[in-house]
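The sequence and structure come next.

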Amino acid sequence: MNKALTTLFALVVASATGALQAQEIQGNAQAGAQKNAMCIGCHGIVGYQANFPEVYKVPMISGQNAAYIAAALEEYKKGGRKHPTMRGVAESLSEQDIADLAAYYASQGKSGDLPAPPTRQPSAQVAQLLQKGACVSCHGDNFAKPIDPSYPEIAGQQADYLFAALKAYKDDSRQYVGRSNAVMAGVATQFSNAELKALAGYIGSLDTHLQVVPQSRFR
């Protein structure tokens with residue numbers, strides 16, 4: 001087995017092992033509702049924008065896949081995602097906390113199936129970019145039915161956040177914004193930043209299960 005295949009095999013095994021570990025811990029949405037004090041200051045405000053290390057609307061996480069939320073928090077905790085604020089939050093959480101928060105936010109999404117393919121069709125340019133990146137092969141025909149629950153729904157996600165995330169995968173060595181993911185790095189590095197922005201703009205314009213659920217009070 002050559003080096004590239006060996007590395008890919010190791011990544012697949014590590015991902016599968018992490019998924020199995022996550023499945024062993026059952027999340028409790030009611031418990032998660034009591035643990036989200038560090039989350040609501042950003043994710044519970046409609047239109048809230050992060051201003052460091054880059055300005056963009058924070059991602060909508062209500063309605064996101066629980067397994068993905070858990071996987072993302074684990075990546076922040078381990079340093080695979082380098083956003084300093086999110087890493088500080090994730091490092092303070094136990095595995096049970098992560099599972100509970102993931103269950104809580106997953107339970108808050110919009111209900112109902114989304115049309116597949118999406119009702120809004122891409123421009124010819126964006127259609128070519130989507131085909132080149134093979135985005136539907138993981139995220140589904142409407143970008144809201146990923147083939148694995150640890151992958152995110154991206155239809156309707158904040159476009160400026162999607163753009164920032166895609167750029168982060170291009171170079172995981174960047175101190176504050178790098179993201180380590182071999183699959184996404186392989187996809188993102190195919191495109192210029194202008195092309196990534198066009199992809200993010202289209203995907204962010206689609207119907208979505210995701211939303212921001214404002215908090216009735218802050219604590």
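Arg 87 forms a salt bridge with Glu 91 (a side-chain nitrogen of Lys or Arg within 4 Å of a carboxyl oxygen of Asp or Glu), and their closest N and O atoms are 3.1 Å apart. The two residues are 4 residues apart in helix H5 (residues 84-91), so about one helical turn separates them. Helices here are DSSP runs of H or I with at least four residues, numbered from the N terminus. Arg 87 is partly exposed, at 34% relative accessible area, and Glu 91 is partly exposed as well, at 46%. Under 20% relative accessible area counts as buried, over 50% as exposed, and anything in between as partly exposed, with a 1.4 Å probe and protein chains only.

The model is predicted: local features need pLDDT of at least 70, side-chain atom pairs count only at pLDDT 80 or more, and totals for chains, interfaces and linings use all residues. Residues are numbered from 1 along each chain as its sequence is written, and side-chain values use heavy atoms, with hydrogens and water left out.

A search of the whole structure gives 6 salt bridges. Among them are these:

| Salt bridge | Closest N and O atoms |
|---|---|
| Asp 100 with Lys 35 | 2.6 Å |
| Glu 95 with Lys 77 | 3.4 Å |
| Arg 87 with Glu 91 | 3.1 Å |

Asp 100 is buried, with 3% relative accessibility, whereas Lys 35 is partly exposed at 30%.

Glu 95 forms a salt bridge with Lys 77. This pair links helix H6, which holds Glu 95, to helix H4 (residues 66-78), which holds Lys 77, across 18 residues. Glu 95 is partly exposed at 37% relative accessibility, and so is Lys 77, at 23%.

The remaining topic is helix packing. Helix H7 (residues 124-133) packs against helix H11 (residues 193-204) at an angle of about 100°, their axes being 10 Å apart. H7 and H11 are therefore roughly perpendicular, a label for angles of 65 to 115 degrees. In the contact (heavy atoms within 4.5 Å), Val 126, Leu 129 and Leu 130 of H7 meet Glu 195, Ala 198, Leu 199, Tyr 202 and Ile 203 of H11.

Key: Axes fitted to C-alpha atoms, helices over the stretch in contact; angles between N-to-C directions. Parallel < 35°, antiparallel > 145°, perpendicular 65-115°, else oblique.
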